[in-house]
Amino acid sequence: MGPLTAALASLLAADISAAASRVKRNAALWSVIGLLLVTAYVFALAAAFLYLSARYSPVAAAAAIAGALVVTALVLVGIIMSLQNRDRRRQEERRRRTQMQTNLTLLAAAGILRKQPLLAVATAVAIGALLGTGKRRGRKHDD
């Protein structure tokens with residue numbers, strides 16, 4: 001088992017180092033892309049200001065750009081709030097559905113236990129398995 005374990009550990013280490021290098025490379029590239037996009041945004045704002053200040057006064061141009069940015073920010077805040085409300089409603093519905101499934105399982109188990117007491121051990125094991133898998137699934141969805 002020693003050589004097999006060493007080979008598996010070596011493969012795992014190679015996979016981890018390859019994944020780490022990919023993550024580092026992607027992080028560096030996304031940082032450069034983000035910097036370029038921010039720079040392009042600043043220059044677009046400057047160009048819009050220069051264009052508007054040629055047609056209107058510089059104060060009116062700055063106020064128009066500021067107003068547009070405020071309106072855009074408010075729209076984005078509204079979108080974020082609606083997405084958060086939707087996520088909260090989905091999570092509450094998921095929780096209600098899980099509670100309903102648990103209650104129905106317990107009711108079914110109680111009915112089986114009353115009618116056939118010999119199945120008590122098998123039913124208890126099945127209930128434990130159902131409740132155990134439900135908990136694991138819930139943790140994965142919350143992440």
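Visitor: Which residues form the nonpolar patch on the surface?
Guide: That patch is made of V71, V75, L76, I79 and L83, with about 420 Å² of accessible area together. Keep in mind that this is a predicted model, where local features need pLDDT of at least 70, side-chain atom pairs count only at pLDDT 80 or more, and totals for chains, interfaces and linings use all residues. Residues are numbered from 1 along each chain as its sequence is written, and side-chain values use heavy atoms, with hydrogens and water left out.

Visitor: What counts as a patch?
Guide: Its residues have over 30% relative accessible area and no salt bridge; like charges are joined within 9 Å, and nonpolar side chains (Val, Leu, Ile, Met, Phe, Trp, Tyr) within 5 Å. Accessible areas come from the Shrake-Rupley method with a 1.4 Å probe, and for residues only the protein chains shown count as cover.

Visitor: Where is L76 found?
Guide: L76 sits in helix α2, residues 58-115. Its relative accessible area is 48%, so L76 is partly exposed. Buried means under 20%, exposed over 50%, and partly exposed in between (1.4 Å probe, protein chains only).

Visitor: How many helices and strands are there?
Guide: The chain has 3 helices and 0 strands, in the order α-α-α along the sequence. Here helices (H or I, at least four residues) and strands (E, at least two) are DSSP runs, numbered from the N terminus.

Visitor: New topic: how many salt bridges does the search find?
Guide: It finds 2 in the whole structure. A salt bridge is a side-chain nitrogen of Lys or Arg within 4 Å of a carboxyl oxygen of Asp or Glu. D87 pairs with R86 at 3.6 Å, N to O, and E93 pairs with R96 at 3.1 Å, N to O.

Visitor: How far apart are E93 and R96 in helix α2?
Guide: They are 3 residues apart, so about one helical turn separates them. E93 is partly exposed at 34% relative accessibility, and R96 is partly exposed at 42%.

Visitor: Which residues gather in the patch of positive charge?
Guide: R88, R89, R90, R94 and R97 do, on the surface. Lys and Arg count as positive and Asp and Glu as negative, while His and the chain ends are not counted. The place of a charge is NZ of Lys, CZ of Arg, CG of Asp or CD of Glu. R89 lies in helix α2 and is exposed, at 52% relative accessible area.

Visitor: Where is confidence lowest, and where is it highest?
Guide: Helix α3 (residues 120-142) is lowest, at a mean of 65, and α2 is highest, at 89. Those are pLDDT values, the predictor's confidence in each residue, from 0 to 100. The chain averages 82, and 83% of the residues score at least 70. Where pLDDT is low, the predicted coordinates should not be read in detail.
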